[in-house]
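Please look at the sequence and the model first, then read the notes below.

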Amino acid sequence: MPPPPSTPARPGHVIVRSPDDGAEIDLRSPAVAALLAWLVPGLGHLYQGRTAKGGLFMGALLAILVAGLWLGEGRVVYASWRPGEARLAFLGQAGVGALAIPALAQAWRLGNAAHETFLGSTWLAPPLHAGQYVTPRYADRVERAEPDLPDGGFVDSPPLAVCTFDQLSLWHQRLGRFFEIGTLYTALAGMLNLLVVYDALSGPLGDRREDGEDPAP
Amino acid sequence: MTPVAACLALCPLLAMLPGGFPGVVLGLPLLIVASLVFAATHHEAPEAIARATIHWIVWLGGILGAVLVFVTVLGWFA
C-alpha cells in the first residue's frame, strides 16, 4: 500500500507519484529493488510492496521464460563468445539475472582449465564443439543428456576426453524451429524485464520527490 | 481423478501441441505479454494498465498483422 499523501517519506525512501491518479508510490530503496527485479522478474516490486504489479510481472515473464525453456528443451539459454558462434541472444536473455548468472558461470567454468561445468551439470551449459577437451565425467553427462548422440562422440585422451561432434548442430537438428522460438521467448522475456527493472528503479511516469523535499502541489 | 493425475495425463497432450501449431500462433503469447509489460511499466492503477494493454495489443497486433499480410502476399508472387 502506498502511503497517504500527507505521510512524510521515511529516510532513504524514494517517493514518486502515479501518473494515473497522483497517488504516492514508495519505492523504498530503488537500487535494491532494481537488483531484485533483475534477479527475478517482479521480485523488486514485491519488495516495494507493489504486490499486484509484482505478481503480474512475475506471472507474465516467468510464463514465457518457462515456455521458451520448454520449447527449446532447456538448451536455448547459454553464454558463448567463441568466434563465429557468439550467442548474441544471450544479451537479451541476460535481462533475467537468475538465468544470466548461472549461464555465465557454466560458460566460464567449461571454457577454463576445469574442462567441465559446475557439478558436471549440462544445465545452461554452452554447446561443445569438435576438438574440445572435457572431463570424462562431463562427457558421460552429455552422453546421457543427448538422446541422438552419434557413436564415438567422445574419444579418450587421459585424463580428459575429446569431443568429436558439434553439439549445437545436434540441437538444431533435433529441435528445428523450436530452438529459434525458444530463443525468441527467453530473449524477449529478458528484454522486457529490463523495462521492469526500470520501473522498480524509477517508478512509472511521474514526478519524483526525493526524501526531505517538499511534495509537489 | 486427482489434480496431479490430471496434470500428468495432460503432459503427453501438451508435448504434442507445439508441433501442430503454426508459428504465428506461438507469437500471440509474446504479443500479449509484451503489451501487458509495456502498459504496466507506464501505469500504476489496474484499470489504466488494462486499458493500455488493450491499446498496445491492438497497435502491435495491427502492425505485425499488416507485416504478416504483406509478406504473405509477397509469397504468392514469389
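Buried area is the accessible area, taken with a 1.4 Å probe, that two parts lose on being put together, summed over both. In this predicted model, chain B and chain A bury about 1,900 Å² between them. Carbon and sulfur atoms account for 75% of that area.

**Extent of the interface**
- Chain B contributes 23 residues to the contact, and chain A contributes 25 residues.

**Polar contacts and salt bridges**
- Between chain B and chain A, eight residue pairs are in polar contact, with both residues at pLDDT 80 or more.
- Two salt bridges are found across the interface of chain B and chain A.
- In one salt bridge, B:Glu44 pairs with A:Arg50, and their closest N and O atoms are 2.9 Å apart.

**The chain B side**
- Three elements of chain B, α1 (3-20), α2 (23-40) and α3 (46-77), each give two or more residues to the side that touches chain A.
- Of the elements on this side, α2(B) gives the most, with 10 residues.
- Sorted by class, the side of chain B that touches chain A has 17 nonpolar, five polar and one charged residues.

**A:His129 in chain A**
- A:His129 lies in the loop between α5 (97-111) and β3 (133-134) of chain A.
- Its neighbours within four places in sequence aside, A:His129 is in contact with A:Arg82, A:Cys163, A:Phe165 and A:Asp166.
- With A:Arg82, the side chain of A:His129 makes a side-chain to side-chain polar contact at 3.4 Å.

Definitions and conventions. Residues numbered from 1 in each chain as written. Chains lettered and ligands numbered in written order. Predicted model: local features only at pLDDT ≥ 70, side-chain atom pairs only at ≥ 80, totals over all residues. Heavy atoms only, no water. Contact = heavy atoms within 4.5 Å. Salt bridge = Lys/Arg side-chain N within 4 Å of Asp/Glu carboxyl O. Polar contact = N/O pair within 3.5 Å; in protein donor to acceptor, adjacent residues only side chain to side chain. Helix = DSSP H or I, 4+ residues; strand = E, 2+ residues; numbered from the N terminus. Nonpolar A, V, L, I, M, F, W, Y, C, P; charged D, E, K, R; others polar.
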